[in-house]
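Try each task before reading its solution.

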Amino acid sequence: MTTLVIALVLGIFFGFALNKAGLTKYHKIVNVFRFTDMAVLQFMMTALVVSMIGLYGLRALGVIEFPNIPATYVVGNILGGLVFGVGMALTGY
Amino acid sequence: MKKIWKSIWKYIRKETWSPYVAGALLGVVGILAVWLSNNLLGASGAFENLAGLLGKAIAPATFDNMYFNFIMPPGFTYGVAMLIGLFFGGMLGAATSSTLKWGKKDAANDDKQWKRIFGPQVWKRWVLAFVGAIILEYAAGIAGGCTSGLAISGGMLLAPAAFLFIAGMFMSGIITALIIYRRRY
């Protein structure tokens, strides 16, 4: 139960961050593929860098352990990514 | 001190933040997800959990397969709770910048660029959104996650899958945008 409440609260902040970055809008998503607005990449890469530093730092301190890392299956990951990109550029979600 | 709070509040009220600030916020959320609940962020998986729940109730034979029994077991999961939060978090973000369009005239489709490319019809946007969402969800099923569940959550753990996914996503995204926009690209 506690975990679900944590998920709900984190979800709220997640949605809030997405909205404030403008990623809930069609033109923001599609324009990254047209190289006219890099907000998606800036947002994603900042999130990645911040959480990488935090997670690896906290693991080094022994505070946390990593959960299951998403499985690598090269063909599936790339194929999924390729199909995903079509949907993303088409709808802008 | 009061002045600092006031300027922070003023920034919260802004419609669009610097993507670096918003990204940093998401990064902190990602750390907290692992720290507090040993889980990753995600959005697409929740839809599959819910679809499985619905499917098992309506057509148990069709949904009695590997995928829905083991890979994506149905139920009210961590991801579903996060998805509900995501929805209201997005609304909260719009509400704080007074851009919430609930019940407003152009709420169904307010994107100028979209209208310029595809036309002013509202139904077109909804049909495209529906079809595109099927493509997105199906692709997320193949790859094992979406932009948040695989690219960001996997990326922050340096999972190779995430970077393969990002590469594929941008490759076909750019090509699709080229086809849709043609000379307007």
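A residue is buried if 20 or more other C-beta atoms lie within 10 Å of its own. Keep in mind that this is a predicted model.

**Exercise 1. Find which residues of α8(B) are buried, and what they pack against.**

Step 1. Apply the cut-off along the helix. Thr147(B), Ser148(B), Gly149(B), Leu150(B), Ala151(B), Ile152(B), Ser153(B), Gly154(B) and Gly155(B) are buried.

Step 2. Count them. Nine of the nine residues in α8(B) are buried, and the helix is mostly covered.

Step 3. Look for the partners. From chain A, α3 (39–60) packs against these buried residues. From chain B, α2, α3 (44–58), α7 and α9 do.

**Exercise 2. Describe the side of chain B that touches chain A.**

Step 1. Count residues in the contact. Chain B gives 82 residues and chain A gives 64 residues.

Step 2. Locate the helices. Those that each supply at least two residues include α2 (19–37), α7 (122–143) and α8 (147–155) of chain B.

Step 3. Sort by class. This side of chain B has 60 nonpolar, 21 polar and one charged residues.

**Exercise 3. Work out how α1(A) and α2(B) are oriented to each other.**

Step 1. Take the geometry. Helix α1 (residues 2–20) of chain A packs with α2(B) at about 170 degrees, and the axes are 9 Å apart.

Step 2. Compare with the cut-off. Angles over 145 degrees count as roughly antiparallel. The two helices, α1(A) and α2(B), are therefore roughly antiparallel.

Key: Residues numbered from 1 in each chain as written. Chains lettered and ligands numbered in written order. Predicted model: local features only at pLDDT ≥ 70, side-chain atom pairs only at ≥ 80, totals over all residues. Contact = placed C-beta atoms within 7 Å. Helix = DSSP H or I, 4+ residues; strand = E, 2+ residues; numbered from the N terminus. Nonpolar A, V, L, I, M, F, W, Y, C, P; charged D, E, K, R; others polar. Axes fitted to C-alpha atoms, helices over the stretch in contact; angles between N-to-C directions. Parallel < 35°, antiparallel > 145°, perpendicular 65-115°, else oblique. Buried ≥ 20, exposed ≤ 12 C-beta atoms within 10 Å, placed from the backbone.
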